[in-house]
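Please consider the structure shown below. The paragraphs that follow lead through a selection of its helices, loops and salt bridges.

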Amino acid sequence: MRGLLFCMMRQVGKVEKFKSSQSKMHSLHAKYNRKTGAPAVGDHQWGHLQIDATSLYLIILAQMTASGLQIIYSLDEVAFVQNLVFYIEEAYRIPDYGIWERGDKSNNGEPELNASSIGMAKAALEALDGLDLFGSRGGPSSVIHILEDEVQQCNAKLESLLPRESSSKETDAALLAIIGYPAFAVEKGSLVSQVKEEILSKLQGKYGCKRFLRDGYQTVKEDPSRLYYHPSELKGFENIECEWPVFFAYLMIDGIFTNNLSQVAKYSGLLDAVLIRDEQGVVHIPELYYVPHDKVELEYKNPGSQERVWGKKWQSMWAQSLYIVAKLLQHDYVEVGELDPLNKRYNAVPRPDVIVQVALLCENPSLKKDMKVEGIEVETIHEACLTASAPMSILPAKALSSAYQHLGVSKKMSLTGRPQHKMGILGTSQMYNILGNFYAFTPQFVDQEQFYLWLDNELLVDLIKTDIAYLRSNWKKLGRPTMVLPIMRLMLGERSNWNRNPVWKLIEKLKSGYVAGTRIMVGQLSELIHTSCISKMTFLEGPKKSIIPMEFRKRVSTVVKARIQRLSSFMEPSPVTSRKTATLPDEVKGAVRRNRRTIFKMDSPKEVPTASELAAVWSQRRSTSGHLAMSSSFSGLISPGHSRRSSFTGVEVTTLLDILQSSEDIQVQADILHHIYTNNGGSYSFYLQTGEMVTVTTLLEELYQKACSLRMWSLVRHTAGLLRKKVEDLAQGLSDLLVRQKLVSVGLVNPAYGGMEMEIAQ
């Protein structure tokens with residue numbers, strides 16, 4: 001185990017790069033020189049990206065550590081293992097070459113999403129969660145931390161793939177290691193039975209199980225001189241696939257774990273029939289059995305009728321070790337609890353119903369008073385922090401993501417820790433204890449920094465209901481999940497219309513105690529904390545406990561300060577809607593409205609440009625207007641006596657800036673900012689009359705917030721485009737579709753508009 005650890009640690013640079021790129025060129029190698037620990041082949045000479053191999057190592061590491069053995073001895077090694085967690089935690093969206101190192105069934109060199117890899121990664125994450133790698137001699141710094149949302153993403157993708165192995169493989173004998181020992185990754189008993197039935201009905205033979213259908217490995221029809229197959233070759237492998245005795249050992253162990261004595265006896269007998277003995281009488285299990293050349297045609301005509309011979313490897317270490325384990329278990333020399341000290345075999349046991357706790361927090365005392373009049377008792381965010389029994393802070397999800405960036409950091413090994421990703425609802429529904437201070441986090445979807453879709457009340461209500469149902473189905477932690485929902489006047493609107501407001505109806509529904517098929521407990525945060533799930537961020541409590549939390553507090557302070565500024569802009573929008581007359585040059589007036597016009601007219605399908613023509617139009621437009629093409633020459637300052645002329649028209653920028661600061665018309669402000677941004681870029685900076693220096697991007701952000709508060713949707717969409725805002729869940733939603741074998745098409749669907757459609761398959 002330590003030898004493999006050292007081999008992987010020598011490739012720590014690949015682990016660091018893979019966290020951001022997830023490229024097969026940055027994956028850990030699958031083969032190492034057993035004498036030197038160096039890579040056995042080059043980056044391009046093998047399918048190295050095998051999530052299941054790294055995950056299996058982590059599972060065994062966790063089981064051995066839990067049994068009392070110590071494998072890890074330094075904090076740098078702990079940091080490396082934590083980064084291996086980051087390496088595999090997004091297995092649900094990383095196509096790899098799988099257990100057979102070939103990827104796609106056609107063996108064309110392309111990786112694909114494999115259920116066996118995803119299941120092994122899920123099992124590894126569950127096994128390592130909260131595990132102290134130093135055992136009883138450890139402390140806060142040697143504990144491994146797992147984000148529960150990543151585990152559930154793997155579980156969701158795994159269940160959507162099963163009983164298939166992948167999009168190209170109907171089933172695979174490797175799934176036996178996922179539904180049983182050592183992973184025990186599948187939680188639904190019915191799905192376990194379905195996968196096992198598929199494997200036994202389609203892959204089992206007299207000598208073992210086929211790896212998968214039309215597997216050409218070491219058959220007489222395979223050309224060993226070529227690394228990849230031709231697509232037409234697969235048909236020739238049908239019915240003569242090699243059979244692997246190792247899977248009888250898996251089925252024998254599975255029968256012992258499930259206390260199925262008839263299954264144990266059956267596969268013990270089948271194993272005994274394929275064993276070979278050497279001159280000393282030592283029993284060996286061959287790697288595989290294949291159909292000899294002179295019997296291939298007979299096997300084609302009557303599958304399973306011909307005798308097979310064992311392959312080149314008359315002793316398989318993989319099969320031999322599992323055979324020994326199976327016999328030790330069968331004869332009671334080893335108990336199943338000793339082989340599985342983490343009790344992963346109970347993964348499919350049903351869990352009790354979950355009660356979701358909801359803390360409603362209003363933004364200010366005025367809103368609290370109005371809600372009380374309507375019969376809804378809530379507390380303000382400030383009150384919730386003061387009434388808690390211990391120091392309490394309520395922060396946005398982004399602050400939690402910032403805290404996790406400290407996890408797995410090692411300067412000695414040049415490891416930067418966890419990348420900053422979106423926090424899921426399972427993570428934000430926990431409370432966190434850092435050095436005696438408690439932190440609660442609001443869900444990601446109520447963060448005002450997101451795309452403007454959060455302003456849609458009906459969508460917001462739907463997201464809340466969906467997350468409540470998700471918590472009920474996927475919560476596994478000790479304690480109840482606690483969802484902290486901030487209520488702003490912006491959500492409720494005018495008090496006279498509350499009875500028709502979707503958010504108000506949801507609040508009343510939450511108070512009833514039952515939403516989306518889930519039991520709800522609404523209360524004050526100070527009361528709910530006693531039954532909540534409380535996690536410790538022990539990675540912020542190491543030897544430098546006085547330094548790291550200070551860095552965390554600085555990050556949190558920045559996030560919270562920005563949030564308060566946004567909230568204040570929503571609560572008290574400036575009087576930009578009053579119509580003071582502002583005389584704008586014709587080149588600037590109506591710039592936003594003109595920009596919303598289409599580039600071409602669709603009078604008939606024949607007049608629609610092709611993709612290449614459309615790209616040329618945009619390229620020409622960018623070259624003439626400089627749209628988003630920022631240059632350092634535009635980052636200078638505007639001060640009295642120093643004027644700069646616009647690069648696109650003859651309008652003086654200083655004239656526009658004077659109008660901008662004197663006008664209170666939001667449309668005029670939008671036209672001016674659009675004009676300056678288009679010609680000079682978002683980094684263009686200048687001094688306001690107050691002496692404060694700002695950039696165009698800063699003012700566009702303020703304009704965006706005001707447009708949101710005033711519900712000026714056309715202006716909201718326009719400024720969001722200039723600020724490059726995007727739907728944060730778009731990539732995740734796209735991944736959810738692709739891993740479920742759906743084809744995504746982007747563009748115009750009508751065939752008459754040829755060249756305007758692009759398909760995304762992986």
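Gly-681 adopts a positive phi of about 90 degrees, and this residue comes just after helix α26. The model under discussion is a predicted one. Helix α26 itself comprises residues 666-680, and its end C-alpha atoms lie 21 Å apart. This agrees with expectation, because 15 residues at 1.5 Å a residue should span 21 Å. The helix is also mostly covered, with 14 of its 15 residues buried.

A second topic is the packing of two helices. In general, such a pair is described by the angle between the two axes and the distance between them. For α18 (residues 457-474) and α20, the angle is about 25 degrees and the axes are 8 Å apart. The two helices are therefore roughly parallel, since angles under 35 degrees are classed in that way. On the side of α18, the contact involves Asn-457, Glu-458, Leu-460, Val-461, Ile-464, Lys-465 and Ile-468, while α20 contributes Pro-502, Val-503, Leu-506 and Leu-510. By class, this contact between α18 and α20 contains 8 nonpolar residues, 1 polar residue and 2 charged residues.

Asn-501 is placed in the loop between α19 and α20. Its relative accessible area is 8%, so Asn-501 counts as buried. When neighbours within four places in sequence are left aside, Asn-501 is in contact with Asn-457, Met-491, Leu-492 and Gly-493. Asn-457 in this list is also one of the α18 residues that meet α20.

Another loop residue, Val-334, is found between α12 (317-330) and α13 (336-339). Here the relative accessibility is 21%, and Val-334 therefore counts as partly exposed, the limit for a buried residue being under 20%. Apart from neighbours within four places in sequence, Val-334 is in contact with Leu-328 and Leu-329.

The discussion now turns to charged side chains. The count of salt bridges comes to 31. One of them joins Lys-202 to Glu-198, with an N to O distance of 3.0 Å. Both residues belong to helix α8 (residues 189-203), where a spacing of 4 residues separates them by about one helical turn. Lys-202 is partly exposed, at 35% relative accessibility.

Glu-126 and Lys-122 form a further salt bridge, again at 3.0 Å from N to O. This pair is 4 residues apart in helix α5 (residues 115-128), which means a separation of about one helical turn.

The salt bridge between Arg-495 and Asp-370, at 3.6 Å from N to O, links separate parts of the chain. Arg-495 lies in the loop between α19 (489-492) and α20 (502-512) and Asp-370 in helix α14 (residues 365-373), so the pair ties together parts that are 125 residues apart in sequence. Arg-495 is partly exposed, with a relative accessible area of 35%, while Asp-370 is buried at 15%. Elsewhere, salt bridges with shared partners connect Lys-122, Glu-126, Glu-187, Lys-344 and Lys-476 in one network.

How values were computed
Residues numbered from 1 in each chain as written. Predicted model: local features only at pLDDT ≥ 70, side-chain atom pairs only at ≥ 80, totals over all residues. Heavy atoms only, no water. Salt bridge = Lys/Arg side-chain N within 4 Å of Asp/Glu carboxyl O. Buried < 20%, exposed > 50% of the residue type's maximum accessible area, 1.4 Å probe, protein only. Contact = heavy atoms within 4.5 Å. Expected span 1.5 Å × (residues − 1). Axes fitted to C-alpha atoms, helices over the stretch in contact; angles between N-to-C directions. Parallel < 35°, antiparallel > 145°, perpendicular 65-115°, else oblique. Nonpolar A, V, L, I, M, F, W, Y, C, P; charged D, E, K, R; others polar.
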